[in-house]
Amino acid sequence: MTRPKVLVARAIFPETIERLAQHFEVESNQADESWSKEQLIARLQGKAGAFTTGTERIDGEVLDACPELKICANMAVGYNNFDVDAMTAHGVLATNAPDVLTETTADFGFALLMATARRVTESEHFLRRGEWTKWRYDMFAGAEVHGSTLGIIGMGRIGQGIAKRGAHGFGMKVIYHNRSRLDAALEAECKASYVSKEELLKTADHVVLVVPYSAASHHTIGAAELAQMKPTATLVNIARGGVVDDAALAAALRDRRIAAAGLDVFEGEPKVHPDLLTVPNVVLTPHIASATVPTRQAMANLAVDNLIAYLTRGEAKTPLNPSVLSAARK
């Protein structure tokens, strides 16, 4: 019996390839080459499934050219690389990897907040340049974290994790803004109060962004929103590039309209807006919020679980368009 063919679009753990090879004919990209859309389409020919990592765009053009494709499994909780409507129309299942990275990403979000508030990167560069010659009362004096006001925009699982760390670990007053308000029990668990976006921006000492990217969330933070923030406030983005207008943020940092920012994601990444590289009061990391070995392995395993379940049994653990499952069972 011929086994289904699967494409692994980026380099991944050898154990992940081994798991897939137990069920499928696997073509992998362990050289981690960056493929154009045309190259991706060529590689997908004859493939029933694709293991993707969030950087491979699956849209109508790709789907039209790859009629044998049945599932794309993202090794990421975000899926803005998928045109889910087009995938549904073509009968292609989309899956992602939620839950398994919640705590690790919340850990990193809070670490980035701490590094930003306490000017860790800026002071390290100062030390490495050999400029530390004496103590001063105001040397890299940053913003208080303990007891300050934490504002979270996007109160999903990761946002809730950050809220709990702030409220329970650092005695922070937590306020949040979300598309819909959490139920009372969850608010109590997070010690969080719902406020308008405007109120959050005006009152928070530290603003953390954890919203998924969509057309509606594009430039959630732009020049107008930055102008509403306190000049002593910090901004942290662990959501997606495009949620923040990076050019406007760089200008605000340069002019000290806000105190500092911490960014793990960027518009057009891996490219970074050049102005962000010239301001000292920003902490920059290369999209590593989920980057612990156990968490990345769990993300890969969940993507593999979805591929195996769908291509062998017509099931899936984390479908984004479950109507495709229903249609496949008819």
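Analyst: At 2% relative accessibility, Thr116 counts as buried, because buried means under 20% relative accessible area, with exposed over 50% and partly exposed in between (1.4 Å probe, protein chains only). The model is a predicted one, in which local features need pLDDT of at least 70 and side-chain atom pairs count only at pLDDT 80 or more, while totals for chains, interfaces and linings use all residues. Residues are numbered from 1 along each chain as its sequence is written, and side-chain values use heavy atoms, with hydrogens and water left out.

Thr116 belongs to helix α5, residues 102-117. Helices (H or I, at least four residues) and strands (E, at least two) are DSSP runs, numbered from the N terminus. Apart from neighbours within four places in sequence, Thr116 is in contact with Thr234, Val236, Ala260, Ala261, Gly262 and Val283; contact means heavy atoms within 4.5 Å. A polar atom of the Thr116 side chain lies 3.4 Å from the backbone nitrogen of Gly262. For comparison, a polar contact is a pair of N or O atoms within 3.5 Å; within protein, one must be able to donate a hydrogen and the other to accept it, and residues adjacent in sequence count only if both atoms are side-chain atoms.

The strands around these partners come next. Strand β11 covers residues 260-263 and is joined to β12 by 3 bridges, the two running parallel. Two strands pair if DSSP finds at least two bridges between them. Gly262 stands opposite Val283 in β12. Strand β10, residues 234-237, also runs parallel to β11, with 4 bridges joining them, and here Asn237 stands opposite Leu263 in β11. In a regular strand the side chains alternate between the two faces of the sheet. In β11, Ala260 and Gly262 point one way and Ala261 and Leu263 the other way, and all are buried.

These strands belong to an open sheet of 7 strands with parallel pairing, in the order β8-β7-β6-β9-β10-β11-β12. β8 (192-194) and β12 (282-284) stand at the edges with a single partner strand each, so one side of each is left without a neighbour in the sheet. From one strand to the next, the twist averages 20°. Axes are lines fitted to C-alpha atoms, for helices over the stretch in contact, and angles run from 0 to 180 degrees between N-to-C directions.

On a 1 Å grid over the protein atoms alone, a cavity is a set of points where a 1.4 Å probe fits but cannot get out, and a pocket is an open set with protein on both sides within 12 Å along at least five of seven lines; lining residues have an atom within 4 Å of a point. Grid points are joined across faces, edges and corners, and a volume is the space filled by probe spheres set on the points. The count comes to 1 cavity of 30 Å³ or more, and the largest cavity holds about 50 Å³ of space. Its lining includes Thr116, Ala260, Ala261 and Val283. At least two residues of this lining come from each of α5, α6 (120-128), β11 and β12, and α6 gives the largest share, 3 residues.

The second largest pocket holds about 160 Å³ of space. Among the residues lining this pocket are Thr121, Glu122, Val282 and Val283, and α6 and β12 each supply at least two residues of the lining.
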